[in-house]
Amino acid sequence: MKSECRKRKIIIVVGARPNFMKAAPVYYELKKIDRFRVKIVHTGQHYDKEMSAFFFRDLGLPRPDIYLKVGSATHGLQTALIMERFEPVLIRERPDLVIVVGDVNSTLACALTAAKLCIPVAHIEAGLRSFDRTMPEEINRLLTDQISDFLFTTCKDANKNLLHEGIVEHKIFFVGNTMIDTLVKHLSVARKLKVREKLGLGRVRYGILTLHRPSNVDDKRVFQKILNAVSNISRIMPIVFPVHPRTENFLADIQFLHYDDEFKKGIMVTKPLGYLEFLSLMDKATIVLTDSGGIQEETTILGIPCLTLRQNTERPITITQGTNILVGTDPAKIFRVANKVILKSRTKQNKPRRPKYWDGRAAKRIAQILTNKLEK
Ligand code: UD1
């Protein structure tokens, strides 16, 4: 074992809800091999208990070593605030590597700050592309990948995208999906929680809805169209709708609480759920309707049909090898496809699918590569 001060130092950055599940297994693996000093920096992009603290609790992560407390702001301001607060941390800590995950504003802001100080950057979940530059996440993905030194990918499509953008091959490592590492680790505990019973669903079949993309919830017309489709589906089976804070604001704006009882009686609105609670609920759902990226991957592994309420996806492997169907936002189409999926589910269960390396060992591969490269 190396003495503490001779170990290389790694900072892992997290900021928003989906980051925690992707970063946790990497943190544990790096701690386990005991070759590095590892610190967690939380930017505070997400700060509510439901969006952050509950995830640290559920994943058994220690409190962040450094908390930047940036909170909400416009994209430009949030990105700038993270950079302003992360730079002195890097100057003080002088890490040998900064690890960023996913595609949120914290990912790009911290990668850029590190690259400008000539500190190597590793990007977990590199190379995913929706080819839709109106999505803030797409801008974050493209730019983070250009300035990263280690690009860890979840699928071969991502390698192709990176090569196409001129990234040199020796920086790209196909390692698998760390979000699935977290799912594999926690599924049996989640199954014991029986969240459906706690929500009063008993043995009733149900669906789940999650929505937070600006393109779906910031435009009242689009949001209303989706709600109309969901209301129709909820006449077939109840739909549990854990509401993201961004979406909560828009539900208030359109005065959802004052809607006709008939329209909303099958839609069960809840606070955002913790990681284990949501996994437990998803595991037993008949159908999931979502615009999230991570949920498209998790439903593939669980074998639950997923209708993605977007025009594109950066995760095509969940369509070609999984349970995902891209349906867009046309209410008639959403209802038609949902109805078909629900009917089919009465007679035929989907088999869980496992794309290559979505096997619970992605973080191990990452830790091994970093050990080989950083200790050279
Ligand atoms: C962010 C990510 C998105 C990710 C999503 C998961 C970017 C560009 N977007 O979107 O990729 O899929 O997180 O949740 O980084 N808010 C709260 N409490 C919180 C967090 C946010 O009330 O703990 C409110 C904010 O005030 C803001 C809204 O939710 O008005 C949106 O938050 P923001 O972090 O800007 O983006 P998300 O939509 O959450």
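The lining of the largest pocket comprises 23 nonpolar, 16 polar and eleven charged residues (Ala, Val, Leu, Ile, Met, Phe, Trp, Tyr, Cys and Pro count as nonpolar, Asp, Glu, Lys and Arg as charged, and the others, Gly among them, as polar). The model is predicted: local features need pLDDT of at least 70 and side-chain atom pairs pLDDT 80 or more, whereas totals for chains, interfaces and linings use all residues. Residues are numbered from 1 along each chain as its sequence is written, and side-chain values use heavy atoms, without hydrogens and water.

A pocket is an open set of points on a 1 Å grid over the protein atoms alone, where a 1.4 Å probe fits, with protein on both sides within 12 Å along at least five of seven lines; lining residues have an atom within 4 Å of a point. Of the 50 residues lining the largest pocket, Arg17, His46, Met51, His212 and His244 lie nearest its centre. Domain 1 (2-177 + 358-373) and domain 2 (186-345) each contribute at least three residues to this lining, the bounds coming from an automatic or database domain assignment.

Around the ligand are 18 residues, among which Gln45, His46, Ser72, Asn105 and Glu137 come nearest (near denotes a heavy atom within 4 Å). Polar contacts are pairs of N or O atoms within 3.5 Å. A polar side-chain atom of His212 lies 2.9 Å from a ligand oxygen atom, and a side-chain N or O atom of His244 is likewise 2.9 Å from an oxygen atom of the ligand. The protein buries 87% of the 740 Å² that the ligand exposes when taken alone (Shrake-Rupley method, 1.4 Å probe).

Definitions and conventions:
A polar contact is a pair of N or O atoms within 3.5 Å; within protein, one must be able to donate a hydrogen and the other to accept it, and residues adjacent in sequence count only if both atoms are side-chain atoms.
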